[in-house]
Each structure stands twice: as C-alpha cells, then as structure tokens.
Amino acid sequence: MAIDNAAGVLAAAESGEGGFWESTYPVIPHPGELIVGIISFAALYFIYKKYVVPRLETMLAERQKTIEGGIERAEAMQAEAKAALEQYRAQLAEARNEAAQIRDQARAEGQQILEEMRAQAREESERIVARGAEQIAASRQQVINELRGSIGALAVDLAGRVVGESLADDARRTGTVDRFLDELDGMSGSGAVAVPEGTR
Amino acid sequence: MTTVVSAAEEFVPPSAPDFWQPLVGEGAFALTRSMVVMVLVTIGLAVVMMMVTRRLAVVPGRGQFRLEGMYGLVRNSIGRDIIGSAHFKPYIPLLFTLFTLILVNNLMGIIPPIQFPTMSRIGFPLALALGVYVVYLVAGVRRRGIVGFLKNLVPSGLPWWVVPVVFVLELVTFLITRPVTLTLRLFGNMFAGHILLLLFALGGEYFLLHGGGLLTVISIPAFLMFFLFSAFEILISFLQAYVFILLASIYIAEVYADDH
C-alpha cells in the first residue's frame, strides 16, 4: 500500500536510514538514472533514425507522389473535358448559324418561287385569253367565209327566182354579187344583210 | 494494520524522498523504480514503432493513422515550421524520439500499475536536455565555426560598450540557461503534478481510514480531486512533451537563422 511505503520511507528518512540519495534535494541528478536516461534516449534515437523515420519518410514521399499523380490525372481530365465542351459549344454555334442561314435561304427561295408562280400564272392566263381571242377571231372569219360563199348562192338563187332569169352561168353575175357583198361590208356590219334596190 | 494506525496518528504529506525508490542496491548506482520504467518505456516504444512501421501503406490503417498523426505533428507543425523546410529533416529523429519518450514516460505517472512519472527524477530530463544541448551546439559550431558561432551570439549594430555584456549574457543563455531550464521545466511539472496526486490520494486515504465521523466524508472530494487531477495530468503530459520539442526546435532553428 502506498501509504505504508510513504510512511515507511519518511520514517526511514527521519531516522537517517535512507542515505544521501533519499534526503538530498530532488534537483540533484542521480548518476545511475542519468546514465540509464542517456542510454535509453540514445538507443531509441538510433532505432528511430535508422528504421522508424526513414520508413515513414519513404511512405510519405510515396503518398505525395501518388497524390500528385492523381492531381495531374484529374487536371488532364479536366482540361480534356473543357476542350470537349469548347468544341461542343463551337459546333452548336456553327449549327445554329447554319440553321439560320438555311432558314433565310428557304424563305428567300419560297419568295422567289411564289414570284415565279405568280408570273407564270399571269402569263398562262394571258396566253389563254389570247388564244381565246384568236379562236374567236378565227371562228368569226370562218363564219364570214362560209356565209360569204353561201350567201352569194342564196342571193342569186333568190334573185333568179324573183326575176325569173338564170344568172347562174353569167359571168357578170359574179361581179355583181361580189360588188354587192363588198357594199354590204362597207355598210359597217349591221347584222341584217340589206339587199340593194337594184338587184331586187 | 496496527502499524498503519499508529503511524497515521498524524497526517504525513508527500515529499521529495517519496520519489527515491531504489529496488536493488543502494547509493549512486542503485537500480531505481524510475530506471525500470524508463527502460520498459524505451523497449515498448521501440517494439511498437518497429511493428507499426514495418508495413506502411499509402492508405493508412488505424494504427498507422494514429502514428502518422503524431509524426505529422512533430515533423510538420514543429520541425518544418520552426526549423524551416530546408534544414529540418536531419532533426526529425531527435524530435520524434524526444516527443514519444517524454509523452509515454509522463503518461506512466498515471497509468496503473506503474503510476510513477519517470521525469520526476531529474536525471532523465537532464539526459534528454543534454542530448538537445549537444545537438544544437554541434550544429551551430559546424555551421559557423567556433569563432563565427561566438560572433553570432551578439546581434550586429550594438554600441561597442554593450557588446561584452550581451556576449556574456548570450553565452550563459546558450551554455547554461537553456539546458537547465529545459531540464527543470519538465522535471518540475512532473514532480509537482505527482506530488499533487499523492497528496489527494494519501489525504483521501487518511480521512477515510483515520478521520472518524464527519471527516471520513471529506475523503470523497479528495478522491474526486485525485481523479480530476489524473485527467489533468494527461493534458500536462502531452503539453510538456510538446513544449520540450518546441523549445528544442527553436534552439536548433537559431543555428540556421541568418541574423539575430
């Protein structure tokens, strides 16, 4: 028990049994302890210097290297990702640009097509109108020609019947009829064919 | 039991002779309790350190992680930051030895069944301080030569009549004050701390066994204080180990400081 020991030691000190090392000041170093301290310290220092610290330093250096390698790799990857992003952005901008261009072009083309179609339609309609007019004119001419042929015969026939003389073979007859028709023409086409008094 | 009762008629406070505990023999080279503790701690530290560092991994396990925490504190926070990154490497083994040896020896003051702080016997702190002393003196003389070392003691730009005074003061500081204070600080802290623990333990025991009546109750706060101060001693143990290598680093760092 501690108190036994302490009390015993104290009693011994008081009676002068403990000797110099017990009763002296505690700041006086005990040679044996100093020597053991120096030897222990030196031995531990030697072991640390020779083994413990070099091992730890090697490990730390290795770790540093590993970490630095990792950081380097991460940095490279980041740079790569950044480059890819840049590229992607550029491509996107380019695509947008292109799309806008295509849109503009399409709009312009549409406009042009519209114009062209319009012009074509106008042309077509004009052509159709012109052809219609031509056809009308041709039909009219045809009718006129037909009429001209048959009206002469009809008139002569009628006149022959009225007058009672055949003028069919007469050479004069043709001239008379033609002249009559020309006069008819000259009367600036009132629809009815007026028979001149002379031939009646 | 009868002897205890008779011896405890009057309370005997703990004192310096309690720390003299020879196990074998007597006199200047007796084998003392503190010697045994010191040797056991040294062997224990050597074995543990060798085992933990035998296979160190880049990704540490639990034991390695703790060792690295301690090593990082000594190596980076003290060695590198105070001595400087250019010169600190050769001093790591010294600082790490001092730190672990002091810390574990101090903790022995409260760890049962040893419960004896080695550093409360002045021979041991003196041994450590002498190691630091030799290292910083040798490093200083190696770096500047004896003349340069002595010249460097006095800061430049002083009036001529101040120089001898400062020189003597600095020389005394270098050769005597520093190792002595380094020794006494560690010794004093552990000695006083252990006396305090002994006081509470013995006092509590005295009141419990011999107080009688109400005085027996006083043993309860006494034992509580014993536990409180035991916990406090853990802090002191760490702090003293830290302070010791902090000062050792500062002394070594001065060797490499280019100007005062």
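Start with helix H3, residues 62-83 of chain B, and helix H7, residues 215-256 of chain B: their axes come within 8 Å and cross at roughly 30°. An angle under 35 degrees counts as roughly parallel, and that makes H3(B) roughly parallel to H7(B). The crossing is right-handed. This is a predicted model, so please hear every value as computed.

Who makes the contact? On H3(B), the residues are Val74(B), Ile78(B), Gly79(B), Ile82(B) and Ile83(B). H7(B) brings Ile245(B), Leu246(B), Ser249(B), Ile250(B), Ile252(B), Ala253(B) and Tyr256(B). By class, that gives 10 nonpolar and 2 polar residues, with no charged ones.

Now the other partner of H3(B). The axes of H3(B) and helix H4, residues 92-107 of chain B, come within 10 Å and cross at roughly 125°. That value makes H3(B) oblique to H4(B). H3(B) passes H4(B) in a right-handed crossing.

For this pair, H3(B) contributes Tyr71(B), Val74(B), Arg75(B), Ile78(B) and Gly79(B). From H4(B) come Ile92(B), Leu95(B), Phe96(B) and Phe99(B). The residues of this contact divide into 7 nonpolar, 1 polar and 1 charged.

How far does H4(B) reach from its first C-alpha to its last? The span is 22 Å for 16 residues, close to the 22 Å expected at 1.5 Å a residue. Is H4(B) enclosed or open? Of the 16 residues of H4(B), 15 are buried, so this helix is largely enclosed by the rest of the structure. Buried here takes 20 or more other C-beta atoms within 10 Å of the residue's own.

Last, the two chains. On the chain A side, 41 residues are in contact with 46 residues of chain B. Which elements of chain A give two or more residues to that side? They are helix H1 (2-14), helix H2 (20-23) and helix H3 (31-163) of chain A. H3(A) supplies the largest share, 24 residues. The side of chain A that touches chain B has 26 nonpolar, 8 polar and 7 charged residues.

One remark on units: the size of an interface is often given as the accessible area lost when the parts come together. What I have quoted for chains A and B is residues in contact.

How values were computed:
Residues numbered from 1 in each chain as written. Chains lettered and ligands numbered in written order. Predicted model: local features only at pLDDT ≥ 70, side-chain atom pairs only at ≥ 80, totals over all residues. Axes fitted to C-alpha atoms, helices over the stretch in contact; angles between N-to-C directions. Helix = DSSP H or I, 4+ residues; strand = E, 2+ residues; numbered from the N terminus. Parallel < 35°, antiparallel > 145°, perpendicular 65-115°, else oblique. Left-handed = near helix turned anticlockwise from the far one by under 90°. Contact = placed C-beta atoms within 7 Å. Nonpolar A, V, L, I, M, F, W, Y, C, P; charged D, E, K, R; others polar. Expected span 1.5 Å × (residues − 1). Buried ≥ 20, exposed ≤ 12 C-beta atoms within 10 Å, placed from the backbone.
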